[in-house]
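Here is a short briefing for a first look at this structure. The points below are grouped by topic.

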Amino acid sequence: MFKIKKSGLLASILAFSTVLTGCAMGGEQAVRQTEKTTPQEVTYVDEEAINQETSTEQVDKGAQGVVAEDTVQRELYLLDKNGLVVPQTVTLPKNVEVAKQALEYLVDGGPITEMLPNGFRAVLPAGTMINGINLKDGTIVVDFSKEFENYNAEDELKILQAITYTLTQFENINKVKIQINGYDQTNMPVNGTPINEGTSRANGINFDNGDVVDVVNSKAVTLYFLGQNGDNTYYVPVTRRINKNENNSYAAAVKELIKGPNAASGLYTELHDDIALLEEPTYKNGVVTLNFNEGILSSLQGTALSQNILNELVFSLTEQQGVESVAIKVKGEEKLINESGKEISAPVSRPKSVNTGSF
């Protein structure tokens with residue numbers, strides 16, 4: 001059975017510094033191509049192989065993209081109107097080549113065209129082909145065609161993040177490496193962003209340094225803010241640097257959510273300045289418990305919890321290592337209702353996918 005990967009996303013200092021260094025290098029850093037590897041046949045990575053952490057050398061190479069009549073939900077990372085990398089869960093035909101299929105739906109002008117949400121665009125350059133895929137020991141190597149290089153420098157990091165996050169939704173894919181026509185890439189081809197031994201979710205997404213400029217003495221948290229396109233609201237992951245001396249990372253995440261997104265991002269939050277924690281959050285057996293003041297109750301005459309606030313908290317806190325669900329109290333009271341008048345079960349678990357149209 002297909003699983004969505006739940007990663008902690010507390011980025012290592014070294015990984016984040018490496019990405020930032022790549023951005024600073026700009027176009028001055030040339031693409032380094034290592035000695036060409038042995039030409040590979042197209043290798044199909046099926047869902048069972050991914051879930052069993054099987055090398056694609058053991059997967060049937062004779063399969064030619066057999067599509068079943070039923071469908072599956074896949075999380076594709078696309079670009080919104082603000083140029084941010086955003087997960088969108090779409091329904092795709094069930095296919096034995098799950099990783100290859102997901103990448104093909106990231107190509108501009110490809111099969112994603114007719115199902116793109118309003119205001120969103122695909123991230124991979126038009127005409128990009130997937131020459132082959134190989135999965136071994138948690139690292140997937142994707143061999144792109146030469147058309148992969150036809151993108152603008154300012155989109156490079158977004159493309160790398162979209163590829164990485166789309167592929168690591170699959171259980172047992174932890175890291176992504178890139179080839180172009182069979183050549184290993186240690187850097188992205190246009191702006192020289194380092195790839196080195198591969199990228200993972202630990203590298204972060206949609207970077208926002210906030211008030212922290214000292215990377216060495218800071219740590220990363222990934223927060224979910226709100227985006228808006230017409231009447232459609234969606235959730236956007238943002239990796240922000242915070243002081244590494246923060247004693248309680250859960251309280252720090254709530255503090256950053258209340259602080260809100262960068263004003264230039266086009267995002268917003270429903271958590272406002274009147275909201276405050278009454279005590280330090282606690283963690284036990286995968287559950288983080290938050291005890292707020294009444295400021296968090298903002299609808300139905302101040303007696304209900306906004307669904308957007310609940311989602312922002314659950315999505316953000318379950319990004320942290322070991323957190324599976326979130327229990328919310330108001331002045332110690334556990335029995336709350338949402339804006340639809342329904343009782344909220346505590347704790348609330350993270351759904352498998354983000355931006356599905358329902359929680």
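The second largest cavity has a volume of about 70 Å³. This is a predicted model: local features need pLDDT of at least 70, side-chain atom pairs count only at pLDDT 80 or more, and totals for chains, interfaces and linings use all residues. Residues are numbered from 1 along each chain as its sequence is written, and side-chain values use heavy atoms, with hydrogens and water left out.

**Cavities**
- A search of the whole structure finds 2 cavities of 30 Å³ or more.
- A cavity is a set of points, on a 1 Å grid over the protein atoms alone, where a 1.4 Å probe fits but cannot get out. Its volume is the space filled by probe spheres set on the points, which are joined across faces, edges and corners.
- The second largest cavity is lined by 11 residues, and L160, Q161, T199, N203 and G204 are the closest to its centre. Lining residues have an atom within 4 Å of a point.
- The lining of this cavity holds 5 nonpolar, 6 polar and no charged residues. Ala, Val, Leu, Ile, Met, Phe, Trp, Tyr, Cys and Pro count as nonpolar, Asp, Glu, Lys and Arg as charged, and the others, Gly among them, as polar.

**Helix α4**
- Helix α4 (residues 156-167) gives the most to that lining, with 5 residues. Helices (H or I, at least four residues) and strands (E, at least two) are DSSP runs, numbered from the N terminus.
- In α4, 11 of the 12 residues are buried, so the helix is largely enclosed by the rest of the structure. Buried means under 20% relative accessible area, exposed over 50%, and partly exposed in between (1.4 Å probe, protein chains only).
- The buried residues of α4 include L160 and Q161.

**Aromatic pairs**
- A search of the whole structure finds 7 aromatic pairs. Rings of Phe, Tyr and Trp (its six-membered ring) pair if their centres lie within 6.5 Å; planes under 30 degrees apart count as stacked, over 60 as edge-to-face and the rest as tilted.
- The ring centres of F120 and Y234 are 5.1 Å apart and their planes stand at 65 degrees, so this pair is edge-to-face.
- F120 is in the loop between α3 (98-104) and β3 (130-136), while Y234 is in strand β8 (residues 232-243), 114 residues apart.
- F120 is buried at 9% relative accessible area, and Y234 is buried at 4%.
- F144, F148 and Y151 form one aromatic cluster.

**Sheet**
- An open sheet of 4 strands runs in the order β3-β4-β5-β6, with mixed pairing. Two strands pair if DSSP finds at least two bridges between them.
- β3 and β6 (183-184) are the edge strands.

Notes. 1 Å grid on protein atoms, 1.4 Å probe; cavity = no way out; pocket = protein on both sides within 12 Å on 5 of 7 lines; lining within 4 Å.
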